[in-house]
Amino acid sequence: MEPRRGRPLHNILIEGGTVVDGTGSLGEPLDVAIDGAKIARLCKRSEAKGAIRIDARGLIVCPGFIDIHSHSEFQLLTNPLAESKIRQGITTELVGNCGSSPAPAIGVARESLAGYAELAEVKLNWVTMDEYLLRLSNLKTSVNVATLVGAGTLRECVIGNSDAKAGEDELARMNQLLADAMLQGGIGLSSGLIYVPGCFASTEELVSLASTSASLGGFYASHIRGEGRTLIKAVEEAIRIGREAHSRVEISHHKACGRPSWGTVDRTIAMIEQAREQGVDVSFDVYPYTASCTALDTLLQPWAREGSDEEIIARIRDPQTRKRIIHEFVTPTESMEDIVTDTGWENINVVGLMSDVYRSFDNKTIAEIAEVMGKDPAETTLDILVEENLQPYAIFHEMAEDDVIKVICHPLAAIGSDGEAETPYGPSGKHATHPRAYGTFPRALRKYAIDKKLVPMEELIRRMTSWPAQRIGLQNRGVLASGMAADVVAFDPEKIRDLATYEDSHRYPEGIECVIVNGAVTIDHGEHTKERAGQVLRHKPSIA
């Protein structure tokens, strides 16, 4: 037998694995050849050679996971290795979600962003989106990063945190800031309509901004105005914005919160399907957990959160205003969310407690803290907010697993962590966190594709790769094919699993054997190589 001749030599050859290319197609026994930052080709066994050979026998080889809903904009500046994300196979993060983006940093927005920067132990030394992205690019991160432009941040830039209607001139200024930020690289627009000042924005204001984003080729991602009692109205609003702005819409972390709302996702998914039939390009993302996590002060009604931190704390301290706040904790209405009534103090864990008074209660429920302190839970919550200067977050155990399954199994669902790039060390390791920051993608694969077999693995991988790439508008990522960016994950389907829990949240997952980012081996045999080959993915506006 004559020796094999003419086999091309590539920089890297991932050999022996089962390739799941991200399109939803069944896996095939192929090798993946990489040259530089691109995939050279997929080939049959022994058709190519590699200067670096990666043994993928027994492994699934697929595109790097794309986290369509992330909040790592400040954490990446402290933790450029992106430990909790890259170790679960995430190679691209979309930050700037829920209405809050790292830029523009002017006016009241600069004050708010400075607070986030301080918590992450970062110096806020940028103003424009271009300056932020340049800082990120110069720092170099282990993951690729794209960012949305926050509608809440734009409102803070122009109007501040007041419950005021945007006038014609103010709206024009917000649209100009949005256009500038997108021309400098922003991917689109995000809103956070349960937060101040997003909750004060009218639908018409959001339509105007989403129209500007769409005109530049961007999309609209929304933490909608309610995920409990007002869920249906909130989904209707998101669809309306997409229809009137001619924009594609991403409903963020779609869920139904609070026992009275469980099962409502059947109706909202039907609404979304009907809207698509009518020409509105709307979809959603989801994380595989039954607990959410957000700022503790979202328990307060919007009027109580208006203005500066000092003004909010003064309201909480005022005896009469405090009585009103406490009354509203337990007085549900059909027009507003009522987390306390629908979830219960015993299902709200407070995280991020740093003061001497409350540090020892980190990750305890409000009910537990109140019992130890000998106080009413409502009073305890307000005392915590004052003592901790409004900074704590809370994990809300408020969703039904049946609803999570319905959302995650739907073909329109993308997987998004809603978490930050964290580490067990440094600023983020000082307190408990939501386990989604460490385990979202391995958990989804293990639980819903491998163990429960509710979604075929190839289909779930599509929802983690090519589908979010399509929604975001990333043309060269999310699929393993010749000429695409060399973002690749190799995982062991027998071993892959999340290890982070609510009780022990800072734990990396198992089974992610190799991660390659733009052709650089970043996770090797499950360990971080310290490579920082991630790119800043700037939007290239297309005029509609």
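In which strand is V149 found? In this predicted model, V149 belongs to strand 11, which covers residues 149-150. With a relative accessibility of 0%, V149 counts as buried. The residues that V149 touches, leaving aside those up to four places away in sequence, are S101, A103, P104, M129, L154, L178, A181, M182, G186, G188, L189 and S190. One of these contacts, G186, shows how a folded chain can bring residues together: V149 and G186 are 37 residues apart in sequence, yet their C-alpha atoms are 6.0 Å apart in space.

The peptide bond that joins A103 and P104 is cis, and its omega is about 0°. P104 sits in the loop between strand 9 (90-95) and helix 3 (107-119). A cis bond also links V196 to P197, here with omega near 5°. P197 is placed in the loop that runs between strand 12 (189-192) and helix 7.

Positive phi angles are another backbone detail to look for. E121 is not a glycine, but its phi is positive, at about 60°. This residue lies in the loop between helix 3 and helix 4 (129-139). K530, again a residue other than glycine, has a positive phi near 75°. K530 is located in the segment after strand 24 (527-528).

The next topic is the packing of helices. Two packed helices are described by the angle between their axes and the distance between the axes. For helix 7 (residues 203-215) and helix 8 (residues 231-245), the axes come within 8 Å and cross at roughly 50°. Helix 7 and helix 8 are therefore oblique to each other, and helix 7 passes helix 8 in a right-handed crossing. On the helix 7 side, the residues at the contact are T203, E204, L206, V207, A210, S211 and A214, and they meet E237, R240, I241, E244 and A245 of helix 8. Sorted by class, this contact has six nonpolar, two polar and four charged residues.

What angle do the axes of helix 15 and helix 16 make where they cross? The axes of helix 15 (residues 401-408) and helix 16 (residues 436-451) cross at roughly 90° and come within 12 Å. Helix 15 and helix 16 are therefore roughly perpendicular to each other. Here E401, V404, I405 and I408 of helix 15 meet A444, K447 and Y448 of helix 16. The residues of this contact divide into five nonpolar, no polar and two charged.

Finally, the cysteines can be considered. A disulfide is a covalent bond between the sulfur atoms of two cysteines. How many disulfides does a search of the whole structure find? The search finds zero. For C199, the closest cysteine sulfur is that of C98, and the two sulfurs are too far apart for a bond because 13 Å lies between them. C199 counts as buried, with a relative accessibility of 16%. C514 is likewise in no disulfide, and the nearest cysteine sulfur, in C62, is 11 Å away. With a relative accessible area of 6%, C514 is buried.

Notes:
Residues are numbered from 1 along each chain as its sequence is written. This is a predicted model: local features need pLDDT of at least 70, side-chain atom pairs count only at pLDDT 80 or more; totals for chains, interfaces and linings use all residues. Side-chain values use heavy atoms; hydrogens and water are left out. Axes are lines fitted to C-alpha atoms, for helices over the stretch in contact, and angles run from 0 to 180 degrees between N-to-C directions. Helices (H or I, at least four residues) and strands (E, at least two) are DSSP runs, numbered from the N terminus. Angles under 35 degrees count as roughly parallel, over 145 as roughly antiparallel, 65 to 115 as roughly perpendicular and the rest as oblique. A crossing is left-handed if the near helix is turned anticlockwise from the far one by less than a right angle, and right-handed if clockwise. Contact means heavy atoms within 4.5 Å. Ala, Val, Leu, Ile, Met, Phe, Trp, Tyr, Cys and Pro count as nonpolar, Asp, Glu, Lys and Arg as charged, and the others, Gly among them, as polar. A disulfide is a pair of cysteine sulfur atoms within 2.5 Å. Buried means under 20% relative accessible area, exposed over 50%, partly exposed in between (1.4 Å probe, protein chains only).
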